[in-house]
Amino acid sequence: YLLVRGPLDAGIAEGRTAAVLATTGMGLAIVLEVVRGPEGRRVRRWVKVMCASFGAVLVLGIQVPWLRGYFAAVQPAPETWAVVAACLAAGIAALTAVRRVPWLARIESGEA
């Protein structure tokens with residue numbers, strides 16, 4: 001939100017839309033990471049399809065004018081999409097890295 005509102009000088013609605021995109025994307029990444037667990041289990045196909053479907057519906061909802069109006073969202077500028085993608089990449093990298101820290105994995109599995 002702050003990156004879109006500050007350096008990009010976008011409006012409040014575009015900042016909110018970017019925040020929803022980034023938050024939802026991170027939520028879906030967390031779902032996938034939790035399903036994997038500290039053991040690194042394989043994620044079932046239906047979970048991947050579900051997460052991809054939720055992401056696609058979110059992006060589609062921003063493209064359809066009456067849904068955009070209903071949710072008080074705006075169609076983000078290309079720069080906003082780039083900021084959202086960069087934030088998601090950084091967040092997913094941090095999530096993946098933290099889940100691989102040995103002492104955190106021990107705590108999560110109940111060995112500590």
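**Reading pockets and helices**

A: Gladly! The second largest pocket has a volume of about 190 Å³. Keep in mind as we go that this is a predicted model.

Q: How does one find empty space in a protein at all?
A: Rolling a probe the size of a water molecule over the atoms shows where empty space is left. In this structure, the largest pocket holds about 280 Å³ of space.

Q: Which residues line the second largest pocket, and which helices supply them?
A: The lining includes Arg 16, Thr 17 and Val 20, as well as Val 57, Leu 58, Gly 61 and Ile 62. Leu 67, Arg 68, Phe 71, Ala 72 and Ala 73 line this pocket too. H2, H3 and H4 each give at least two residues to the lining, and H3 provides the largest share, with four residues. By class, the lining of the second largest pocket has eight nonpolar, two polar and two charged residues.

Q: What about the lining of the largest pocket: how many residues are there, and which lie nearest its centre?
A: There are 17 lining residues, and Thr 24, Gly 25, Leu 28, Leu 88 and Ile 92 lie nearest the centre. H2, H3 and helix H5 (78–99) each supply at least two residues of this lining. The largest share, seven residues, comes from H2. Sorted by class, the lining of the largest pocket has 12 nonpolar, four polar and one charged residues.

Q: Now helix H3: what span should its 19 residues have?
A: Count 1.5 Å a residue, and helix H3 (residues 45–63) should span 27 Å; its end C-alpha atoms are 27 Å apart, so the two agree.

Q: Which residues of H3 are buried, and where do they sit around the helix?
A: Val 47, Cys 51, Gly 61 and Ile 62 are the buried residues of H3. Seen down the axis of H3, these buried residues fall within an arc of 105 degrees, so they line one face of the helix. Their cover includes helix H2 (12–36) and helix H4 (65–70). On the face turned away from the buried side, H3 carries the exposed residues Arg 45, Trp 46, Ala 52 and Val 57.

Q: And Glu 33: is that residue buried or exposed?
A: Look at the relative accessibility: buried means under 20%. Glu 33 has 7%, so this residue counts as buried. Glu 33 lies in helix H2. Leaving aside residues up to four places away in sequence, Glu 33 touches Leu 95, Thr 96, Arg 99 and Arg 100.

Note on methods
Residues numbered from 1 in each chain as written. Predicted model: local features only at pLDDT ≥ 70, side-chain atom pairs only at ≥ 80, totals over all residues. Heavy atoms only, no water. Expected span 1.5 Å × (residues − 1). Buried < 20%, exposed > 50% of the residue type's maximum accessible area, 1.4 Å probe, protein only. Arc of directions from axis to C-beta. Contact = heavy atoms within 4.5 Å. 1 Å grid on protein atoms, 1.4 Å probe; cavity = no way out; pocket = protein on both sides within 12 Å on 5 of 7 lines; lining within 4 Å. Points joined across faces, edges and corners; volume = space filled by probe spheres on them. Nonpolar A, V, L, I, M, F, W, Y, C, P; charged D, E, K, R; others polar.
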